[in-house]
Amino acid sequence: MQLVQTGKQKVWGWPAVANFTLGGAATGFYLLGSVIVSLQDSALAGSPPFAFKLLAPLLIALGFLALTIEAGRPLRGHHLFRHISGSWISLECLAGAIFVPAAVIDWLFPHPVVWILAAVAAMALMISQGFIVYRARAVSAWNVPLMPLLFVTSGFSKGSGLVLLSVVLDDSAVGHPCAMIGLICVLLNLSVWFLYLSWSREATFREAIEALRRPNALIFTVGLGHLLPGILLLVILVAPGIGIDTGTGLWHTVVALAGVTMVAGGMSQKAGIILGAGYLRGIVLERSKGDARAANPAFPKVLC
Amino acid sequence: MARWGMVIDLRKCIGCKACTVVCEETNQVPPNRWRRVNDCGISEYPERQRLFLPMSCMHCGEPPCLEVCPTTATYRRPDGIVDINYELCVGCGYCILACPYQARTIFHDESNFETGTKLQKPGLADPNIDRIGVCTKCNFCLPRVDAGLAKGLQPGLDPEASPACVISCSANALNFGDLDEPDSVVSRLIRENKTARLQEELGTDPSVYYIVDGMPFLECRES
């Protein structure tokens, strides 16, 4: 029986959202950028977007910096590495501490070993962020096994948005394959997002994610983050066929808009999870699963 | 080695909140942070019952807070008491989001520990400075328990060695003792009464039991 009803968590706010957004976007950006670079000589013609090598570690560092606003004693940050084997925050910090210098060194003095180290650290950081949220057992909408996968697909979706933006900034000629990668990432993230929204029929979960299922929330998370960029990416893919030449101002505008909406949509997704669905579990005094009131309509109502 | 635990008789608790007040005074914490009494009730006829649910840290056998703590500031003693090393805590708040009992809190520098009112930032001489910006929670009045044991007293039986909330309970609803000792008061109460624990389905193995005999509206099951 739920004796104490749910309330919203007030511990993690916008700094955490910034960290999760920048962390996912930057690691996705780095990994996808690396894939594109590795394909440069074979599949892709023209110059690949190199901005990721420096921008990704910068964004990661900004994400961690945002957390110092929220932490009570940020100057004790060196203690965060003490529980690598058990805490996902420790692992995230370790991955960040490896990734940032490795990526910068690889930018200054490119070397395959350093690049692999940075790529592995980026992947670890992306995964660890999902597990951080998943292991928060007091928050029913976060404590969902799907969360790591959601964070990974979200990271790649935002990362591909940044890849598209870097295509515009670098004036690279790899827009078509980048758009294809972006479309795949957006569709994957959209699928996992819908899966998450319908994950459980448990009353506490449904109540927690109710805000994410409202039309005004879906406009941002699905409309802005998936549908609009999806349409724009399709336009990029068929651009020559509809009279939009690659490299023109209109083409650049469409690519940039797709990139911006993918990043903004990803941010709204993270904000929705952390701030909108961050309800603490109600206090339950029984061992049976689910909401007893839902199972038995005659069950008495609780006032707390 | 003992495993300290608490048994709370929900039939006896009258919601006077004496336990929360003495907790504030003993541990110098703002009201309703380390300990609180939830006022719950059943509204529909014919049950119409009122229920008070005292809560604090459950000192879990499998503490979710300990698992997630990145600095190892949260630790579990061999006697089952889950405590925090304030020197290591960075105040990230992750343990607060991992604890399904809402038992943890971070005091920010504007809080006055005794009244909860907003005051100026305390100076370095403030005795509570080491607890500002870090996570804190009930520790079963660990200093009292340890000091009592050092004197050869028995926590749960000797007031001087027992948590302040237990000895101040006006209805004698709170009981403290060794859960691993079959003859202790708490073991006997668990054995002789129908008890339940909070958030049982999460598998945290809390050390706080609630006596729910005579409360059919709770639909509780024996732990």
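N172(B) is partly exposed, with a relative accessible area of 47%; here buried means under 20% relative accessible area, exposed over 50%, and partly exposed in between, with a 1.4 Å probe and protein chains only. The model is predicted, and local features need pLDDT of at least 70, side-chain atom pairs count only at pLDDT 80 or more, and totals for chains, interfaces and linings use all residues. Residues are numbered from 1 along each chain as its sequence is written, chains are lettered from A and ligands numbered from 1 in the order in which they are written, and side-chain values use heavy atoms, with hydrogens and water left out.

N172(B) lies in the loop between α5 (164-168) and β8 (174-178) of chain B, where helices (H or I, at least four residues) and strands (E, at least two) are DSSP runs numbered from the N terminus. Although N172(B) is not a glycine, its phi is positive, at about 55°. A positive phi of about 55° is also computed for F140(B), again not a glycine. F140(B) is placed in the loop between β7 (135-136) and α4 (142-150) of chain B, and it is buried, with a relative accessible area of 1%.

F140(B) is among the residues in contact (heavy atoms within 4.5 Å) with H59(B). H59(B) itself occupies the loop between β3 (49-55) and α2 (64-68) of chain B and is buried, its relative accessible area being 0%. With neighbours within four places in sequence left aside, the contacts of H59(B) also include R3(B), G80(B), I81(B), V82(B), K137(B), C138(B), N139(B) and S207(B). The side chain of H59(B) reaches the backbone nitrogen of V82(B) at 3.0 Å. Such a polar contact is a pair of N or O atoms within 3.5 Å; within protein, one must be able to donate a hydrogen and the other to accept it, and residues adjacent in sequence count only if both atoms are side-chain atoms.

A salt bridge is a side-chain nitrogen of Lys or Arg within 4 Å of a carboxyl oxygen of Asp or Glu. Side chains of opposite charge can pair when their charged atoms come close. Over all chains, the structure holds 12 salt bridges. In the pair formed by D205(B) and R197(B), the closest N and O atoms are 2.8 Å apart; D205(B) is partly exposed at 29% relative accessibility, whereas R197(B) is buried at 10%. K151(B) and E160(B) form another salt bridge, with closest N and O atoms 2.4 Å apart. K151(B) counts as exposed, at 56% relative accessibility, and E160(B) as partly exposed, at 45%.

In chain A, D106(A) forms a salt bridge with K53(A), the closest N and O atoms being 3.4 Å apart. Because D106(A) lies in helix α3 and K53(A) in helix α2 of chain A, the pair ties together parts that are 53 residues apart in sequence. D106(A) is buried, with a relative accessible area of 2%, and K53(A) is buried as well, at 13%.

The expected span of a helix is 1.5 Å times one less than its number of residues. At 1.5 Å a residue, the 21 residues of α3(A) should span 30 Å, and the end C-alpha atoms are 30 Å apart, in agreement. The N-terminal end of α3(A) is capped by S87(A), a side-chain oxygen of which lies 3.3 Å from the backbone nitrogen of I89(A). Buried residues of α3(A) include I89(A), C93(A), F99(A) and D106(A). The cover over the buried residues of this helix includes α1 (14-38), α2 (52-70) and α4 (112-134) of chain A, together with α3 (94-98) of chain B.

L54(A), I105(A), W107(A), L108(A) and F109(A) make a nonpolar surface patch of about 500 Å². Patches are made of residues with over 30% relative accessible area and no salt bridge, like charges being joined within 9 Å and nonpolar side chains (Val, Leu, Ile, Met, Phe, Trp, Tyr) within 5 Å. Helix α3 (residues 88-108) of chain A gives the most to the nonpolar patch, with 3 residues. L108(A), found in this helix, is partly exposed, with a relative accessible area of 48%.

I273(A), in helix α10 (residues 249-276) of chain A, is buried, with a relative accessible area of 1%.

Notes. Accessible areas come from the Shrake-Rupley method with a 1.4 Å probe; for residues, only the protein chains shown count as cover.
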